[in-house]
Every structure is written in C-alpha cells, then in structure tokens.
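Let's take a walk through this structure together, one stop at a time. Have the sequence and the 3D view open as you read.

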Amino acid sequence: MASFTDLSKINVKGGDGGAGCMSFRREAFVPKGGPDGGDGGNGGDVIVEADPQLSSLIDYRYKHHFRAERGTHGQGARRHGKDGADLVLKVPLGTVIHELDPRTQEPVYQIADLTQPGERVVVAPGGIGGRGNIHFVTSVRRAPAFAEKGEPAQEHWIELEMKLMADAALVGMPSVGKSSIIARISAARPKIADYPFTTLVPNLGVVRTKDGSRSFVAADVPGLIEGASEGRGLGHQFLRHIERTALILHVVDVTGGFEQRDPVADYHAINAELAAYATELAERPQLVVANKCDMPGCEETVARLRQAAEEDGRELFCVSAVTGAGLDDLVERCATMVSELRSQISATEAPDAFNAAWERKRQRRDRTITVRQESRGIWRVSGGAIERMVIQTDWENPEALAYLEHRFERIHLEEKLLKEGCRDGDEVRILGFAFTFETNHGTDEYAELRDADDEVVSEFDEEG
Ligand SMILES: Nc1nc2c(ncn2[C@@H]2O[C@H](COP(=O)(O)OP(=O)(O)OP(=O)(O)O)[C@@H](O)[C@H]2O)c(=O)[nH]1
Ligand SMILES: [Mg+2]
C-alpha cells in the first residue's frame, strides 16, 4: 500500500517583474523626442487553491519548486510588458499552510487553512514591473535617461499539511471495532480483521440519520495504544487528524478483546493519550461507544464503563457493529451534536482573516530595515523592501542612482544610519552593493516625483 502522504514542504516563488524601458520617441527630423519607455509587466503570483476533487498531496511529493511566470520587459513607444501568468497549486480540502523558517524548516506562521471548495491564498506574490522612463519626468528633468528594473519576486518555503475534514472521529484501542462501526453506519468499506492495526490510514464515510434529514462525516482512525502520544504504534501521526474533528466517538471493546484487557482501564488509557497529545483533545466533546454488546456476559463491564463515562460527564451508548443494535440512537445523537458544534465553529472561523493577517505580517517584516555594524566603519543595511529597491536600480546609471538616493531619503535611511553611529565616509552595504555615506545632500531634484512615488513611500513604517 502506498504510504500516506499528507505533509509536503515546497518552495514557492512568484514571477519577477519585467524591467521598465528607457526609450525616447523617434520621429523623422526630430533628433530626440520625449521619453516613451513602457513599464515592465507584473510577475505572476503563486496561489494555493482548495480542490474538492483531490484527496492527497501526492503532487507535491517529488516536485518541490514552483515558480510563477515572470512579467516581460517594457518597450519603446509606451508599450507595456505582459503580466506573467499566475501559478495555481491545487490541494485537497482541509489543507493547512504554514510558512517555514528558511533555515530550520520549522513552521513559523500559519498562512491559511483551506476548508471551502475553491478557497485560495496567495503564497508568493509576483514582483511588480519596473516603471519606464516616462514616469521619471519632472520639470527639471525632461529626459530621464533611466528606468526601473523589475521587482524581484518573493520566495518562501511553505508546508502543506492535509488534515482530515471529518466531523466525528472514531478513536480507540486496536480491534475494538471502529472500522466495523463506520462500515455499518456509512457506505465506507474499510478492511475489518481480528488483528491489531488493520486500519493503516483513516477511512472517511458520510453518515446519514435514518430519516435522511441530516448527515455528517465520520472517520475511523488507526488504533491508538498507550504511548501513542509519544509516537508508539501508528497513532501519533493520526492524532494530528483528530485535532480538527469536532466530536470524538471513543470506542471501547466491552469484551476486553483477545488479550482480556479491562475495558475501563482502556477507556482511561486512551483519554490519557489524548490529553498527553493536546489538552484540547481531552476536552473535546466525546461520546463513549461500548461496542460488541452482542457478546454475552458484558453487563457488569458496561455498568462500570457507564459510571466512568458519567464521572467524566460523558454519555455512553451500548452498540453492536455486528447486529446493528444501538447504532441508530448513536447516529441521531452524533448528528445533533455535530450540527450544534458546527454552528459554534462557523461563528468563530473567518478564513479571510488568515490571509489578511499573514499579508500584514509579511509586509511589516518586509518593510523593516535593520542596520548592523559589520566592522569598523562598515555598515550592513538589510530588509526585503529596501533590498528590492537596490536590485531594481541600474547602478551603472548615475540618474538611476540619484533616484535611488531620493528613495532612501523618503524612508529616512540616513537618520537610521546616523542613529546607529554611522559617520561621513563610512561604507554602507546593501546586498552586494556598497556606497559611501555622506550627510550633505543638495537640493532634492526629485521632489516632484513624490506624488507619483507615494505608494512606495507609504510602504514604510516610521520606526523610532
Ligand atoms: N462480536 C462482535 N465482534 C465485533 C464487533 N465489532 C467488531 N467486531 C470484530 O472485532 C474485530 C476487529 O474489528 P475492526 O472493525 O477491524 O476493529 P478496529 O477497531 O477497526 O481495529 P484496528 O483497525 O486494528 O484498530 C473483527 O474481527 C470484527 O469482526 C461487534 O460489535 N461484535
Ligand atoms: Mg480498523
């Protein structure tokens, strides 16, 4: 059997922005016309989309790098470059996306939890196209001989994790009859056998009430044993799936099974494992399902189990997966609880808030500028947005450099450097570029660009 692939780490990068064009109109008998360089196209975004047709993350098992298309460069005669196409990565419903720390590959931030069909999140925005030289005209500079390069796209490592989307999970020791129950109450046809760990991956089934009016999704989960929360048995990776089911159906074998275990001790052992894995799991609504009640001589055990369940404030249902006894009542009660729990969840869940929150956090981090002394007289400036500004500049072109200087002023880079102790004549490094720090700047010949440049300026926080 193919192993259960439900976790993938992938690298995503948007398309780079195309370069703006530096060009001047050419007309017969006019030696040099006005600037007419078009803008570069924007790069495409990498988007993750929930597709109800998919049931695994197998597509991301062998391929790990995903790039959206780049924007093409602007051209003369005000022709803008073409935007790059977005790259849409389809994932199953119930996929949770985390941003990973690029060094440790540990999850640092939850980007989204895709629970609705067609729900999307941009995981790597494309770069913005560079502006053509028409944008840099001012009253003093009628023929700007520079354009902006395209913005390099952002790149991230993300983790895709598929979590089961079941309303109720059947949990319990191996061989207690979890798969037998789901087979009896739904159309699922899992393997059933009298040896432990028959079920290796969860089975999902849609369960309907007898009158057909209500339904919910149930999953049976591979058997848990003592130590499951520490990785014993198969249970650990499946405990993760239970995290998102609203209701736990705790199945106990009242016969004690072949090993003649004490069913009440089993009940406590499983609850201890759930609590050890996550305290919320122990507090999750739980129904206790006493299975195999068709077997003779289990009345006393059922009575003790009922008492243990009631002490924990839980209802107990006596059932038999073989005869079907008690299962209709259990299904009715589950349907009622699931619909109550669903209405509570939908009230607290706001999928869009995930995206907006990540976007804000990412932008804030991107705009943050750090200044660090590398050695005496040498300063390192870093930060996503400022580094992109530098990459977007043609360092061979003095006009482009003057414009970069203007952008630095707008984000108060000089003040930040002075505050850290940088002095005239020191070297300031950004990525692989370096310049000499000088505080005396003359007139701001690009002041008139400010209006055009406002969107760039407002990207930066005024940090004290
Ligand atoms: N007498 C009786 N036997 C049952 C009942 N339910 C299940 N069994 C038997 O118990 C054994 C285990 O059943 P499964 O449904 O495979 O148990 P499970 O909990 O899914 O087991 P794992 O997948 O290994 O964790 C099988 O031999 C079933 O026929 C029941 O209500 N009464
Ligand atoms: Mg099973």
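Serine 179 is found in helix α1. Keep in mind as you look around that the model is predicted. Is serine 179 buried or exposed? Its relative accessibility is 9%, so serine 179 counts as buried, the cut-off being under 20%.

This residue also turns up in a database record. In an unreviewed entry, UniProt lists Ser179 and Thr199 under "binding site". The two are spread over 21 residues of sequence, yet they cluster in space, with a largest C-alpha distance of 7.5 Å.

Now let's look at ligand 1. There are 23 residues around ligand 1, and the ones that come nearest are Lys178, Ser180, Thr198, Thr199 and Asp294. Thr199, you'll recall, is one of the positions UniProt lists. Which element gives the largest share of the shell around ligand 1? That would be helix α1, which spans residues 178-185 and supplies three residues. Sorted by class, the shell is made up of ten nonpolar, nine polar and four charged residues.

Next, zoom in on the oxygen atoms of ligand 1. One lies 3.1 Å from an N or O atom in the side chain of asparagine 291. In the side chain of serine 320, an N or O atom is 3.4 Å from an oxygen atom of the ligand.

A pair of aromatic rings is described by how far apart the centres are and by the angle between the planes. Searching the whole structure turns up six aromatic pairs. One of them joins tryptophan 395 and phenylalanine 433, with 4.5 Å from centre to centre and 20 degrees between the planes. That angle is under 30 degrees, so the pair counts as stacked. Where do the two partners lie? Tryptophan 395 is in the loop between α8 (384-391) and α9 (398-410), while phenylalanine 433 is in strand β18 (residues 433-436), so the pair ties together parts that are 38 residues apart in sequence. Phenylalanine 433 has 28% relative accessibility, and therefore counts as partly exposed.

Elsewhere, ring pairs link Phe136, Phe146 and Tyr403 into a cluster. Tyrosine 403 has another partner too: its side chain makes a polar contact, at 3.0 Å, with the side chain of arginine 131. Arginine 131 sits in the loop between β7 (120-124) and β8 (155-162). Despite its charged class, arginine 131 is buried, with a relative accessible area of 12%.

One last stop, this time for the backbone. Most residues other than glycine have a negative phi. Which way does alanine 77 go, positive or negative? Its phi is positive, at about 55 degrees, although alanine 77 is not a glycine. Arginine 78 also has a positive phi of about 55 degrees, and it isn't a glycine either. You can find alanine 77 in the loop between β3 (65-67) and β4 (87-91), and arginine 78 is in the loop between β3 and β4 as well. As for accessibility, alanine 77 has a relative accessible area of 51%, so it counts as exposed.

Terms used. Residues are numbered from 1 along each chain as its sequence is written. Chains are lettered from A and ligands numbered from 1 in the order in which they are written. This is a predicted model: local features need pLDDT of at least 70, side-chain atom pairs count only at pLDDT 80 or more; totals for chains, interfaces and linings use all residues. Side-chain values use heavy atoms; hydrogens and water are left out. A residue is near a molecule or strand if one of its heavy atoms lies within 4 Å of it. A polar contact is a pair of N or O atoms within 3.5 Å; within protein, one must be able to donate a hydrogen and the other to accept it, and residues adjacent in sequence count only if both atoms are side-chain atoms. Helices (H or I, at least four residues) and strands (E, at least two) are DSSP runs, numbered from the N terminus. Rings of Phe, Tyr and Trp (its six-membered ring) pair if their centres lie within 6.5 Å; planes under 30 degrees apart count as stacked, over 60 as edge-to-face and the rest as tilted. Buried means under 20% relative accessible area, exposed over 50%, partly exposed in between (1.4 Å probe, protein chains only). UniProt positions are given in the numbering used here, feature names are shortened, and annotations may be inferred rather than shown by experiment.
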